[in-house]
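Okay, thanks everyone, let's get going.

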Amino acid sequence: MGPALNVRSKEIVAGYASVAANADVDKIHKEKGVFPPPGATVEMCPHASAARAAARMAEDLASAATKKASAPLPQTVASEAAAAGCPFHKAAAPSESKAAPVHAAPAHKASKHHSGFNYESFYVNELDKKHQDSSYRYFNNINRLAAKFPIAHTARVTDEVEVWCANDYLGMGNNPVVLETMHRTLDKYGHGAGGTRNIAGNGAMHLALEQELANLHRKDAALVFSSCYVANDATLSTLGSKLPGCVFFSDSMNHASMIQGIRHSGARKAIFKHNDLADLEAKLQQYPKETPKIIAFESVYSMSGSVGPIKEICDLAERYGALTFLDEVHAVGLYGPRGAGVAEHLDYDAHAAAGDSPHPIKGSVMDRVDIITGTLGKAYGAVGGYIAGSDDFVDMIRSYAPGFIFTTSLPPATIAGARASVVYQKNYVGDRQLKQVNVREVKRRFAELDIPVVPGPSHIVPVLVGDAALAKAASDKLLAEHDIYVQSINYPTVPRGEERLRITVTPRHTLEQMDKLILAVDQIFTELNINRLKDWKLAGGRAGVGMTDGPEDSHVNPIWNDKQVGLLDGTAPPTLRDGEKAFVDHQAVTKAREVFNPLLGPITGPLQATKTVVYDGATVNARQQLPKMKTGGARVPLSGDIPVPPPSLSVSA
């Protein structure tokens with residue numbers, strides 16, 4: 001392995017740093033699917049990072065073999081690359097000459113050597129596998145701006161891009177009543193929770209949020225976790241390990257958190273084909289009715305946009321004596337008259353008529369589901385996850401689940417913001433309606449251009465690419481050439497050959513931003529020669545796109561019908577235009593404020609969503625330079641151009 005790695009490292013360095021002209025460097029970048037954005041810096045260059053990693057690996061192996069001190073990595077990679085005309089290194093030169101002296105991270109740092117196994121070489125070898133199959137993940141530096149949603153700035157605060165892939169589906173992360181509530185809570189209760197729920201971290205804010213979530217789903221109780229990944233893992237592993245002889249029946253497209261929870265339980269499992277009721281029933285029939293069983297599935301599958309047959313799975317569960325465990329992570333806040341998810345949406349009129357009653361609607365789909373899990377980190381714009389179900393079920397998980405017991409509680413301000421978001425959405429349906437209007441428009445316009453969208457009835461817009469390198473290249477070009485951020489989705493999140501661009505449309509995207517997105521995607525599909533719908537049809541189809549034995553893509557009916565969206569009576573909110581402010585519902589704001597009266601006191605008048613911080617810029621510029629962090633294959637300056645206020649501040653509400 002040593003010689004091979006040594007050769008590999010030399011190939012990377014030689015193939016990159018010894019190029020003689022700009023055109024050659026550009027060719028290498030394009031072949032690797034890299035498109036340098038304007039103002040790109042040397043730290044962002046994946047070739048330099050790969051060269052350093054490969055050279056370091058070869059050096060470590062040579063050192064272990066010869067028992068001699070390793071030679072330092074030649075410090076010529078950056079200089080040779082700059083001379084060769086690399087856009088990353090070339091762009092870095094003028095900015096570095098103007099900036100104050102910076103203690104940059106060294107190109108090579110001597111690794112700690114162990115007397116036995118070579119751990120560092122193992123790490124690099126595993127990373128090289130990810131590079132080889134184009135599944136290595138690059139984390140873009142994206143900083144969403146509260147006052148400009150859905151705009152964000154990149155590593156440089158002056159470089160702004162449009163975000164088209166965030167899970168803050170409704171823009172609630174910067175809703176003014178949410179921010180106001182968080183400011184008020186922070187002023188009264190401070191930042192951290194102080195410990196686990198058992199040790200100083202069980203506050204009135206936490207208990208009130210759990211009651212709010214139980215009311216949302218019309219269940220007896222709810223329990224909040226640090227994330228829904230933890231909620232799913234902890235709940236399923238606890239149930240599976242406690243129920244005697246338990247058997248899980250898991251949809252083949254379930255989220256990793258559910259897969260891990262089932263695995264950690266040690267219980268038996270049967271995986272049924274995605275949304276295939278016949279396959280599920282065939283597997284249920286293999287066990288006596290008395291055997292404890294749990295059917296684990298999702299409402300909205302986030303990477304395909306498909307929707308689980310909830311009612312029909314409840315029918316099978318009742319017939320074969322199974323519990324139903326429904327993950328509504330990508331549905332809460334987005335479906336139903338109050339935002340409780342797809343299970344609520346299936347009985348839309350009945351739940352709308354019941355209003356804010358905490359009592360279950362007997363016979364409704366949501367009432368028939370035994371366990372519902374959801375997140376606070378997507379449509380509600382916060383962070384955290386939860387479960388909802390019967391009193392005794394929730395109490396058992398609270399008492400036994402290590403993922404709940406031994407985790408520090410979420411901060412009070414975060415909890416309060418999440419509750420304000422839930423209450424606001426329970427009392428205002430307009431955001432959900434406008435999101436559906438915009439999603440329909442984007443899907444319609446993609447269809448007109450033969451852009452292949454994986455068919456589905458939900459809000460997810462998965463644009464099929466079908467190749468990992470092409471998906472990464474498309475994402476890079478959108479960001480570099482069009483200031484549009486859409487992250488590519490590769491294996492293992494989706495199967496190999498089904499790589500895609502996962503686009504999320506919000507009610508805050510404007511008509512002009514949609515125009516720009518559609519034109520940019522169309523242009524990049526042409527430039528990179530990515531398959532369009534007609535090409536997938538000729539190839540026999542893939543991932544539901546261009547399939548000859550299924551429904552036509554354009555004929556998939558959305559979950560939200562025209563009446564629910566408000567298209568029949570003209571009450572659907574209009575799509576925003578550039579310069580227009582998002583609508584904030586006064587009644588929903590009033591409701592969200594009122595629930596905090598007992599803890600924060602009453603508040604009236606204009607929303608106070610921001611607090612202005614005044615500081616001395618000269619003092620900030622004199623601060624100590626922070627180190628750089630290696631993330632996603634690049635050394636990223638943590639705050640090289642982001643001013644941080646000094647300790648002494650004056651604050652005005």
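So, to start: which residue forms a salt bridge with Asp-476? The partner is Lys-472, with the closest N and O atoms 2.6 Å apart. By salt bridge I mean a side-chain nitrogen of Lys or Arg within 4 Å of a carboxyl oxygen of Asp or Glu.

Quick housekeeping: this is a predicted model, so local features need pLDDT of at least 70, side-chain atom pairs count only at pLDDT 80 or more, and totals for chains, interfaces and linings use all residues. Residues are numbered from 1 along each chain as its sequence is written, and side-chain values use heavy atoms, with hydrogens and water left out.

Back to our pair. Asp-476 and Lys-472 sit 4 residues apart in helix H20 (residues 468–482), so about one helical turn separates them. Helices here are DSSP runs (H or I, at least four residues), strands are E runs of at least two, and both are numbered from the N terminus. Asp-476 counts as buried at 11% relative accessibility, and Lys-472 counts as buried at 18%. The cut-offs: buried is under 20% relative accessible area, exposed is over 50%, partly exposed is in between, using a 1.4 Å probe and protein chains only.

The whole structure has 29 salt bridges. One of them joins Arg-368 to Glu-318, at 3.0 Å between the closest N and O atoms. Arg-368 is in helix H15 (residues 365–368) and Glu-318 in helix H12 (residues 310–320), so this pair ties together parts 50 residues apart in sequence. Glu-318 is partly exposed, at 48%.

Then there's Asp-562 with Arg-440, 2.6 Å from N to O. Asp-562 lies in helix H23 (residues 562–565) and Arg-440 in helix H19 (residues 430–448), so here the parts tied together are 122 residues apart in sequence. Asp-562 is partly exposed at 35%, and so is Arg-440 at 24%.

There's a network too: salt bridges link Glu-212, Arg-338, Glu-344, Asp-356, Arg-419 and Lys-426.

Last stop, the surface. Phe-117, Tyr-119, Phe-122 and Tyr-123 form a nonpolar patch with about 420 Å² of accessible area together. Patch residues have over 30% relative accessible area and no salt bridge; nonpolar side chains (Val, Leu, Ile, Met, Phe, Trp, Tyr) are joined within 5 Å, like charges within 9 Å. Areas are Shrake-Rupley with a 1.4 Å probe, and for residues only the protein chains shown count as cover. Tyr-119 belongs to helix H6 (residues 119–132) and is partly exposed, at 37%.
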